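Reader: I would like to go through this structure one feature at a time. Please give the general idea where there is one, and then the case at hand.

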Amino acid sequence: MSLLSNWTAYNAGLSETTTIISKDSSLKLFVKDLTVIDASYLCAQRGMVGESWILDVVMSGELNEMSMVLDFSRVKKQIKQLVDQFIDHRLIVPRSSSNMRIFSSEITDYSRVDLTSDEQFLQLNCPDEAFCFIDSETVTLESVTDYVQALLLKHLPSNVSGLEITLRPENIVGAFYHYSHGLKKHDGNCQRIAHGHRSPIEIMINGERNASIEHAWAERWTDIYLGSLEDVCAVSALSFSADACVSEESHWGFCYQAPQGMFELIIPKARVEMLDTDTTVELLAEYIATQIKEQHNEAQVCVVAYEGVGKGALFDC
């Protein structure tokens with residue numbers, strides 16, 4: 001069996017998409033778990049969905065003057081830089097969807113995006129760098145993989161003739177949820193009002209994992225937007241389409257100024273859980289633990305809250 005066949009067989013059992021650009025070379029360089037893409041995307045049915053995908057890369061080509069296809073440290077840095085710049089911590093928008101309307105803002109380098117469907121109306125007005133527009137009707141592993149593939153192909157050195165991109169979700173045993181948020185006080189890309197994560201949750205009551213409470217939180221935070229009270233503004237203060245079915249009773253309005261610019265969001269209240277703090281993972285762990293403690297007053301409660309893959313915060317009370 002060839003190296004390519006072995007790789008395909010290895011990946012066959014995973015829930016993922018692999019795009020193969022070339023099979024010509026038998027010499028391949030691979031990097032597993034190169035980086036994680038933490039982003040959100042728009043879906044006509046689910047609304048705004050937080051997601052985390054692990055990125056694996058295989059490249060084929062001729063050896064260079066160093067007897068390498070590409071230096072490992074260089075490939076990690078170069079590919080991670082491109083992913084961080086163009087897709088990570090952005091809102092992925094399928095521009096070909098009939099449910100999307102995209103407008104250029106009166107402010108240079110800003111865009112407004114409307115999601116209109118039978119289920120909901122959702123709108124964002126943000127700097128262009130907060131969006132990732134892909135030429136697809138829906139956001140799927142396949143469409144995002146195609147986007148990343150095309151992006152990386154533009155920046156490969158001449159001796160690299162083939163590329164295999166694999167995006168895959170973390171294999172989580174137990175409960176998890178998809179959440180989106182924005183951290184206006186963050187110096188980096190977390191300040192964008194609509195980025196997110198797919199996160200496991202671990203809850204211990206008196207030192208024992210409690211699967212039923214974990215699943216209850218996973219259901220509670222299914223495709224949720226976690227908003228901060230201090231970022232709330234009147235929906236009427238924001239600009240939206242005249243035909244949009246929006247009111248103060250049905251939608252939350254969020255608006256804040258951050259280092260990258262002004263961010264605005266209109267989103268159905270049914271898709272939001274409001275916190276009176278920021279939505280850092282540290283404060284989310286404390287928030288969940290405090291809520292559980294109210295129902296289990298005499299118990300020792302420990303919450304391990306994740307922010308995407310392999311990182312998070314722990315809170316005991």
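Reader: Does Asp223 count as buried or exposed, and at what relative accessibility?

Author: This is a predicted model. Asp223 has 8% relative accessibility, so it counts as buried, the cut-off being under 20%.

Reader: Which residue forms a salt bridge with Asp223?

Author: The general idea is that side chains of opposite charge can pair when their charged atoms come close. Here Asp223 pairs with Arg46, and the closest N and O atoms are 2.8 Å apart. Arg46 is in the loop between β2 and β3, while Asp223 is in the loop between α4 (211-220) and β13 (224-228), so this pair links parts of the chain 177 residues apart. Arg46 counts as partly exposed, at 29% relative accessibility.

Reader: How many salt bridges does the count come to?

Author: The count comes to 16 salt bridges. Among them is the pair of Asp56 and Lys32, at 3.2 Å from N to O. Lys32 belongs to strand β2 and Asp56 to strand β3, so the contact ties together parts 24 residues apart in sequence. Asp56 is buried at 0% relative accessibility, whereas Lys32 is partly exposed, with a relative accessible area of 25%.

Reader: Which residue of strand β9 is tied to Asp56 in strand β3?

Author: That residue is Arg168. The side chains of Arg168 and Asp56 meet in a salt bridge of 2.7 Å, N to O. The two residues are 112 apart in sequence, so the pair joins separate parts of the chain. Arg168 counts as buried, with 13% relative accessibility.

Reader: Which residues are linked in a network of salt bridges?

Author: Lys184, Lys185, Glu230, Asp231 and Asp278 are linked in this way.

Reader: What is the nearest side chain of opposite charge to Glu264, and how far away is it?

Author: It is Arg112, 8.2 Å away. Glu264 is buried yet has no salt bridge. It lies in strand β16 (residues 261-268). Leaving aside residues up to four places away in sequence, Glu264 touches Gln123, Leu124, Asn125, Cys126, Ile193, Leu238, Phe254 and Cys255.

Reader: What is the strand order in the open sheet of six strands?

Author: Strands of a sheet pair through backbone hydrogen bonds, either parallel or antiparallel. In this sheet the order is β5-β6-β7-β16-β15-β14, and the pairing is antiparallel. The edge strands, β5 (100-104) and β14 (232-233), each pair on one side only. Strand β15 (residues 251-258) runs antiparallel to β16, and eight bridges join them. In that pairing, Trp252 stands opposite Ile267 in β16.

Reader: Which way do the side chains of strand β4 point?

Author: In a regular strand the side chains alternate between the two faces of the sheet. In β4 (residues 91-94), Leu91 and Val93 point one way, Ile92 and Pro94 point the other way, and all are buried. β4 pairs with β2 in the parallel sense over two bridges, and Tyr41 stands opposite Ile92. β4 also pairs with β8 in the parallel sense, over four bridges. There, Phe131 is the bridge partner of Leu91.

Reader: Which members of the largest nonpolar core touch the most other members?

Author: Of its 29 residues, they are Ile37, Trp53, Val57, Ile79, Ile87, Ile92 and Val144. Two or more residues come from each of β2 (28-43), β3 (47-61), α2 (72-86), β8 (131-134), α3 (141-153) and β9 (160-168). β2 gives the most, with seven residues. Ile87 touches Ile37, Ala39, Ile92, Cys132, Val144, Tyr147 and Val148, not counting residues up to four places away in sequence. A second, separate core has 25 residues, including Trp221, Ala285, Ala299 and Val301.

Reader: How many residues does helix α3 have, and what distance does it reach?

Author: α3 has 13 residues and reaches 18 Å from its first C-alpha to its last, close to the 18 Å expected at 1.5 Å a residue. Its buried residues include Leu141, Val144, Val148, Leu151 and Leu152. The 15 residues of α5 (residues 281-295) should span 21 Å, and its end C-alpha atoms are 22 Å apart, which agrees. Among the buried residues of α5 are Val281, Leu284, Ala285, Tyr287 and Ile288.

How values were computed
Residues numbered from 1 in each chain as written. Predicted model: local features only at pLDDT ≥ 70, side-chain atom pairs only at ≥ 80, totals over all residues. Heavy atoms only, no water. Core = buried A, V, L, I, M, F, W, Y, C linked by side-chain atoms within 4.5 Å. Buried < 20%, exposed > 50% of the residue type's maximum accessible area, 1.4 Å probe, protein only. Contact = heavy atoms within 4.5 Å. Pairing = 2+ DSSP bridges. Lys, Arg positive; Asp, Glu negative; His and termini not counted. Salt bridge = Lys/Arg side-chain N within 4 Å of Asp/Glu carboxyl O. Expected span 1.5 Å × (residues − 1).
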